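Please look over the sequence and the structure before reading on.

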Amino acid sequence: MESEGLDMIVAKFKGPKRSMGFVPGETYNLRTSIEPIAGHGHCLVIRDMDSSCWCPYSSMENFLFNWQIKQTRGIINCK
């Protein structure tokens with residue numbers, strides 16, 4: 001089954017101080033994926049393209065609570 005996903009999201013972190021290495025007020029280039037996380041099932045995972053920072057989210061609502069999306073770039077097809 002094919003689906004579409006965002007290639008990259010440019011977003012400003014507005015979450016807790018230094019949460020998972022992300023700094024509040026800083027803008028990041030993020031990639032998203034759905035991945036299995038031990039003890040949590042499948043989660044939305046965001047990864048900073050310029051560092052090793054990453055964070056799993058149980059829902060898109062939780063992601064949006066901590067991030068302000070500035071721009072999206074590209075759509076990729078996922079199989």
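Is N66 buried or exposed?

The model is predicted. In it, N66 has a relative accessible area of 14%. This value makes N66 buried, because buried means under 20% relative accessible area.

N66 belongs to helix α1, which covers residues 60-66. Leaving aside residues up to four places away in sequence, N66 touches K12, F13, K14, G15, P16 and Y57.

## The largest nonpolar core

The largest nonpolar core consists of 13 residues. F22, L30, I46, Y57, F63 and W67 have the most contacts inside this core. At least two core residues come from each of β1 (3-13), β2 (27-37), β3 (41-48) and β4 (54-57). With three residues, β1 gives the most to the core.

## I46 in strand β3

I46 is part of strand β3. The relative accessible area of I46 is 0%, so this residue is buried.

When residues up to four places away in sequence are not counted, I46 touches F22, L30, R31, T32, C53, W54, C55, Y57, F63 and W67.

## F63 and its contacts

F63 is also among the residues with the most contacts inside the largest nonpolar core. Again without residues up to four places away in sequence, F63 touches L30, L44, I46, Y57 and I69.

The pair I46 and F63 is separated by 17 residues in sequence, and the C-alpha to C-alpha distance between them is 8.8 Å.

Key
Residues numbered from 1 in each chain as written. Predicted model: local features only at pLDDT ≥ 70, side-chain atom pairs only at ≥ 80, totals over all residues. Heavy atoms only, no water. Core = buried A, V, L, I, M, F, W, Y, C linked by side-chain atoms within 4.5 Å. Buried < 20%, exposed > 50% of the residue type's maximum accessible area, 1.4 Å probe, protein only. Helix = DSSP H or I, 4+ residues; strand = E, 2+ residues; numbered from the N terminus. Contact = heavy atoms within 4.5 Å.
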